[in-house]
Amino acid sequence: MFGSKKRKAKQEAEFAAKIAAIVTEIIATKNSANENTTTFKEAAGAMAGSIDADDHLYSKLSDDSNRNLSGPTRVRMNKIAPYLWQSNMIANRIIELPLAYLLAEGVKITNDDEDYQAVIDAFWNHPINNMAIKLEKKVRELAIFGEQFYPAFVNPLSGEVQLSYLDPAHVEEVIYDPRNPEQPVGVKTKRMSNGRHYFYKVIINGSESVFTKQTQRLREGFADGDIFTLQ
């Protein structure tokens, strides 16, 4: 019995010695590999700030501060969202119940000033805008797609505003103020049927002076018209 315990203790000691030798060999190999690793340094100036003056116009490959979906994913989202609204009862109710709560009794915008009320009525009842009919559809599609885009056209003689519609599926990118990432400043479309992209300037309730000089220069590039965005 005593001899059996002695042999067992010897075997355990030999096994522990083998494990220690293997671990030592692994550590030595790892240290050797680290010594042979080539060290790369970042390009000069990168730590001090941007290299190009217009680097805010580009996105890093490893980062997307706007949390945008990739192109293919965005396309798929624009197809799946209306499909679920049509085919899935729960998804349909998620859209339709708030819509009914908001619009079931109709919507009317009023102002005590008669001149302002005339402008509101002209916009609301414009034969193209036709908000009494189209408002429900606009609110529904905002809920389904999560965003809506309305190019606006102003009659140079009467001042009447007419809204058009830009399908979210045709939007390639929404560009934000580089100094204020919650403020959209422009919309770039995908290549349209005529072979070109369109660049719309986002409408704000104020003058261009509210933006920095840098953002004002950026917005000058959006010269294909003005657009309202809802997101």
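View 1. Asn 130 is partly exposed, since its relative accessible area is 30%. In this predicted model, Asn 130 belongs to the loop that links helix H4 (114-124) to H5. Although Asn 130 is not a glycine, its phi is positive, at about 45 degrees.

**View 2. Helix H5 from end to end.** Helix H5 covers residues 131-145. Its 15 residues should span 21 Å at 1.5 Å a residue, and because the C-alpha atoms at its ends are 20 Å apart, the model agrees with that expectation. The buried residues of H5 are Met 131, Leu 135, Lys 138, Arg 140, Glu 141, Ile 144 and Phe 145. In general, an α-helix has 3.6 residues a turn, so residues three or four places apart point the same way. After H5 comes Gly 146, which has a positive phi near 80 degrees.

**View 3. Lys 138 within helix H5.** Lys 138 is part of helix H5. Is this residue, Lys 138, buried or exposed? Lys 138 counts as buried because its relative accessible area is 17%, and the limit for a buried residue is under 20%. Setting aside residues up to four places away in sequence, Lys 138 touches Met 131, Gln 148 and Tyr 150. Met 131 is itself among the buried residues of H5. Between the C-alpha atoms of Lys 138 and Tyr 165 the separation is 9.7 Å, with the two residues 27 residues apart along the chain.

**View 4. The chain and its sheet.** The protein chain contains six helices and six strands. Read from the N terminus, its elements follow the order α-α-α-α-α-β-β-β-β-β-α-β. Six strands form an open sheet with mixed pairing, in the order E2-E1-E6-E5-E4-E3. Strand E2 (161-163) and E3 are the edge strands, each pairing on one side only. On average, and with direction ignored, neighbouring strands of this sheet are turned by 40 degrees against each other. Helix H5 packs on the sheet, where it touches E1 and E6, and its direction makes about 140 degrees with that of E1.

**View 5. The pairing of strands E1 and E6.** Strand E1 (residues 148-154) and strand E6 (residues 226-230) run antiparallel and are joined by five bridges. Within this pair, Pro 151 of the chain stands opposite Ile 227 in E6.

**View 6. The hairpin of strands E3 and E4.** Strand E3 (residues 171-177) pairs with strand E4 (residues 180-189) in the antiparallel sense, over six bridges. Two residues lie between E3 and E4, and the two strands form a hairpin. Which residue of E4 is the bridge partner of Ile 175? The partner is Gly 186.

**View 7. The largest nonpolar core and Phe 149.** Eight residues make up the largest nonpolar core: Phe 149, Leu 166, Val 171, Val 174, Val 187, Tyr 200, Val 202 and Ile 227. E3 and strand E5 (199-202) are the elements that give two or more residues to this core. Leaving out residues up to four places away in sequence, Phe 149 touches residues including Leu 166, Val 171, Val 174, Val 187 and Ile 227. Also among the residues that Phe 149 touches are Ser 164, Tyr 165, Pro 168, Phe 228, Thr 229 and Gln 231.

View 8. Thr 212 lies in the loop between E5 and helix H6 (213-219). Thr 212 is partly exposed, because its relative accessible area is 31%. The C-alpha atoms of Thr 212 and Arg 179 are separated by 8.1 Å, while the two residues are 33 residues apart along the chain.

**View 9. Asn 92 in helix H3.** Asn 92 is located in helix H3 (residues 89-103). With a relative accessible area of 14%, Asn 92 is therefore buried. Asn 92 is in contact with Leu 84 and Trp 85, its neighbours within four places in sequence being left aside.

**View 10. The protein chain as a whole.** Of the 231 residues in the protein chain, 21% count as buried. The chain exposes about 17,500 Å², of which carbon and sulfur atoms supply 56%. Among contacts in the protein chain with a separation of 6 or more, residues 24 or more positions apart account for 49%.

How values were computed
Residues are numbered from 1 along each chain as its sequence is written. This is a predicted model: local features need pLDDT of at least 70, side-chain atom pairs count only at pLDDT 80 or more; totals for chains, interfaces and linings use all residues. Side-chain values use heavy atoms; hydrogens and water are left out. Two strands pair if DSSP finds at least two bridges between them. Helices (H or I, at least four residues) and strands (E, at least two) are DSSP runs, numbered from the N terminus. The expected span of a helix is 1.5 Å times one less than its number of residues. Buried means under 20% relative accessible area, exposed over 50%, partly exposed in between (1.4 Å probe, protein chains only). Contact means heavy atoms within 4.5 Å. Accessible areas come from the Shrake-Rupley method with a 1.4 Å probe; for residues, only the protein chains shown count as cover. Axes are lines fitted to C-alpha atoms, for helices over the stretch in contact, and angles run from 0 to 180 degrees between N-to-C directions. A nonpolar core is a set of buried Ala, Val, Leu, Ile, Met, Phe, Trp, Tyr and Cys residues joined through side-chain atoms within 4.5 Å.
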